[in-house]
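Open the model in your viewer and keep the selection panel at hand. The tour goes from one selection to the next.

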Amino acid sequence: MAAQQGTAVRPSVESVVHQTAGRLAMVLSAAAAGMVVGLQLGGRLAHRHGPARLLVGPAIIFGLSLALLGTCRLLTSLSLVAAVFGIGHGQLDVGANSAAVNLERAYQRRITSSLHCAYSVGALTGAGLAAITAWAPYHALFAAVGILTAMAAAAIP
């Protein structure tokens, strides 16, 4: 795509790694496969150790792998890091939902729908921030969000 009306065109992931959209779909498949693995491992770990362990470690993995995704230039490295990202995401999902079940028990009333609503508000806020920061290079955004996520998770006692 050429620059139009004096605006600079930022490179997309597709152009940076010199791959077609079809080949990049393999990266998304790797992330999805990693998430399935993470969900399976997360279920076992939550049952054995409780959900708290799945709220810190996987959040650090999730954040750091997001930061690494922005630095990958080869299809192989993108796929491997995407799989690790998926594993962290799956485990974090199990941890959050397990913690929600424990909160419902403690409150002795249903609150999971409110927690899912809060998640959706966060996703909407993130989409809004993405629109506002669309001018920034994707690798810088991945790094910033990933590192902030990992740091926030690591700060949890």
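This is a predicted model: local features need pLDDT of at least 70, side-chain atom pairs count only at pLDDT 80 or more; totals for chains, interfaces and linings use all residues.

**Stop 1: the core.** Select Leu24, Val27, Leu69, Leu78, Ala82 and Phe85, and show their side chains. These residues have the most contacts inside the largest nonpolar core, which has 13 residues. Now colour helix H2 (21-49), helix H3 (53-69) and helix H4 (75-107), the elements that each give two or more residues to this core. H4 provides the largest share, with 5 residues. In soluble globular proteins, nonpolar side chains tend to be buried together.

**Stop 2: Ala82.** Centre the view on Ala82. Which residues does Ala82 touch, leaving aside its neighbours within four places in sequence? The contacts are Val27, Ala30, Ala31 and Leu69.

**Stop 3: H2 against H4.** Hide everything but these two helices. Their axes lie 6 Å apart, and the packing angle is about 35 degrees. The crossing of H2 past H4 is right-handed. Sorted by class, the residues in the contact between H2 and H4 are 17 nonpolar, 10 polar and 2 charged.

**Stop 4: the cysteines.** Select Cys72, then Cys117. Is each one buried or partly exposed? Cys72 has 7% relative accessibility, so Cys72 counts as buried, the cut-off being under 20%. Cys117 counts as partly exposed because its relative accessibility is 45%, which falls between the 20% and 50% limits. A disulfide is a covalent bond between the sulfur atoms of two cysteines. A search of the whole structure finds 0 disulfides.

Notes
Residues are numbered from 1 along each chain as its sequence is written. Side-chain values use heavy atoms; hydrogens and water are left out. A nonpolar core is a set of buried Ala, Val, Leu, Ile, Met, Phe, Trp, Tyr and Cys residues joined through side-chain atoms within 4.5 Å. Buried means under 20% relative accessible area, exposed over 50%, partly exposed in between (1.4 Å probe, protein chains only). Helices (H or I, at least four residues) and strands (E, at least two) are DSSP runs, numbered from the N terminus. Contact means heavy atoms within 4.5 Å. Axes are lines fitted to C-alpha atoms, for helices over the stretch in contact, and angles run from 0 to 180 degrees between N-to-C directions. A crossing is left-handed if the near helix is turned anticlockwise from the far one by less than a right angle, and right-handed if clockwise. Ala, Val, Leu, Ile, Met, Phe, Trp, Tyr, Cys and Pro count as nonpolar, Asp, Glu, Lys and Arg as charged, and the others, Gly among them, as polar. A disulfide is a pair of cysteine sulfur atoms within 2.5 Å.
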